[in-house]
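Open the structure in a viewer and keep the selection tool at hand. The stops below say what to select next and what is there.

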Amino acid sequence: MKRSQVNAALAEAQALLKEFRWTLPAWAYWSNAEYKANPDLAVHLNRHQMGWDVTDFGLGDFDRRGLTLFCARNGVGHDENSIPYAEKLLFIKENQETPFHRHLKKMEDIINRGGGNLIVEFCHQHVEDREPITISVDGLRQTVAPREPVRLAPGQSVTMARSLYHRFYAEAGCGTVLAGEVSQINDDNGDNYFLQDIGRFSSIEEDVPPMHPLWNEVGGS
């Protein structure tokens, strides 16, 4: 991705937050210089994988296969004194897919916080398995076929088991979705397993200065 694309995604996310009257921590709007002036916090955010994240999964087609996220709170898996949970916001454009992936350690709820309809699909670890899949939509158990679209209207959420492949995207014609994720500790460095051979992060071409650095660009060694 180009840095200008990352900046545009951040600007769109912040516009959606303003529309829905969501406010982020002050450091969400910091520049590189402000992070460097607050090194202890920068190290904390990097260690906890908190802050902005924009990815095209290394595929070079952000509008079709990409995601903008903000992690507001998160623990550290190997730290027994850490909080055991995480919370994220996800900004999902129409027909913008987060490809099939699963987590071995993390159980999560995906929540439609507002905007359009969120479509979520599931498949088994062994993708040829055609057995029905049981999920929970706001506490109501449902059985769906592999890859059957599950439509979440604003306010609805789905709980999924560990190791269950899932993908999601905003339904065409219904607008961008502001989604949420509430989960156990999130580890984007070590607990994302994609169905296809793709990456979690993007390589960024620096064509313009960053609007805000991403979480993996602050506080590192």
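This is a predicted model: local features need pLDDT of at least 70, side-chain atom pairs count only at pLDDT 80 or more; totals for chains, interfaces and linings use all residues.

Residues are numbered from 1 along each chain as its sequence is written, and side-chain values use heavy atoms, with hydrogens and water left out.

**Stop 1: the largest cavity**

Select Leu67, Leu69, Thr98, His101 and Asn192, which lie nearest the centre of the largest cavity among its 20 lining residues. On a 1 Å grid over the protein atoms alone, a cavity is a set of points where a 1.4 Å probe fits but cannot get out, and lining residues have an atom within 4 Å of a point. The model has three cavities of 30 Å³ or more. The largest holds about 160 Å³; a volume is the space filled by probe spheres set on the points, which are joined across faces, edges and corners.

Next, colour strands E2 (67-74), E3 (85-92), E4 (98-102), E5 (108-115) and E11 (165-170), each of which gives at least two residues to this lining. Strands (E, at least two residues) are DSSP runs numbered from the N terminus. The lining divides into seven nonpolar, seven polar and six charged residues. Asp, Glu, Lys and Arg count as charged, Ala, Val, Leu, Ile, Met, Phe, Trp, Tyr, Cys and Pro as nonpolar, and the others, Gly among them, as polar.

**Stop 2: Thr98**

Stay with Thr98, in strand E4. Is Thr98 buried or exposed? Its relative accessible area is 4%, so Thr98 is buried (under 20%; exposed is over 50%, partly exposed in between, with a 1.4 Å probe and protein chains only). Leaving aside residues up to four places away in sequence, Thr98 touches Phe57, Gly66, Leu67, Arg167 and Phe168 (heavy atoms within 4.5 Å).

**Stop 3: the largest pocket**

A pocket is an open set of points with protein on both sides within 12 Å along at least five of seven lines. The largest one has a volume of about 200 Å³. Select Val76, Gly77, Ile185, Asn186 and Asp187, the closest to its centre of 13 lining residues. Two of the lining residues are nonpolar, seven polar and four charged.

**Stop 4: two loop residues**

Most residues other than glycine have a negative phi. Asn95, in the loop between E3 and E4, has a positive phi of about 60°. Ser163, in the loop between strand E10 (157-160) and E11, has a positive phi of about 70°.

Notes: Helices (H or I, at least four residues) and strands (E, at least two) are DSSP runs, numbered from the N terminus.
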